[in-house]
Amino acid sequence: MIPLKAKIYLVITAVVFFAGVTLFASHWSNRKIQRFEQESKAAKAAAEQTETAARELEQRTAEYKQKIDYLEDSLSALRSIASQQDEELKTLKNNTDNARLSVGRARTVQRIESTTAELCAKLADLGHPCHQ
């Protein structure tokens with residue numbers, strides 16, 4: 001048999017061992033919990049930063065959409081003006097072409113030299129006498 005003193009030492013050793021294991025496990029658990037809490041805080045901070053950045057990007061996106069709408073309206077107005085100006089240019093081109101044709105025809109007409117007396121005579125025949 002094991003003497004009583006040895007049994008007491010054995011029980012004390014077992015209690016100390018289990019107490020040590022319990023303390024170690026508790027300490028290890030607390031360290032792990034602290035690490036998870038720190039990671040959680042870091043993740044929350046990162047999430048807040050990302051959320052703030054997302055809000056700023058959404059705001060900038062809305063501003064860009066407004067600018068795009070404004071520029072599209074301006075572009076539409078400019079296209080309308082350009083279309084009107086194109087029509088005016090076509091009209092002016094037609095008028096210019098007609099004037100050039102008239103000038104060309106006028107240049108091909110032979111000039112007849114007339115004197116003032118001959119012109120007055122012709123006008124008198126038509127009923128418009130000259131006043132000299």
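**Notebook: surface, shape and ring contacts**

I looked up the accessible surface of the chain first: about 12700 Å², with 60% of it belonging to carbon and sulfur atoms (Shrake-Rupley method, 1.4 Å probe). I note that the model is predicted, that local features need pLDDT of at least 70 and side-chain atom pairs pLDDT 80 or more, while totals for chains, interfaces and linings use all residues. Residues are numbered from 1 along each chain as its sequence is written, and side-chain values use heavy atoms, without hydrogens and water.

Next I checked burial. Of the 132 residues of the chain, 1% count as buried (buried is under 20% relative accessible area, exposed over 50%, partly exposed in between; 1.4 Å probe, protein chains only).

For secondary structure I found two helices and zero strands (DSSP runs: H or I of at least four residues for helices, E of at least two for strands). The radius of gyration is 54 Å, well over the 14 Å that the globule rule gives for 132 residues, so the chain is more spread out than a compact globule (C-alpha atoms; the rule is 2.2 Å times the number of residues to the power 0.38). The C-alpha trace spans about 170 × 25 × 15 Å along its principal axes.

I then looked for aromatic pairs and found one. The ring centres of F17 and F18 are 5.7 Å apart and the planes are at 65°, so I logged the pair as edge-to-face (centres within 6.5 Å; planes under 30 degrees apart are stacked, over 60 edge-to-face, the rest tilted). F17 is exposed at 53% relative accessible area, and F18 is exposed at 54%.

Definitions and conventions:
Phe/Tyr/Trp six-rings, centres within 6.5 Å; stacked < 30°, edge-to-face > 60°.
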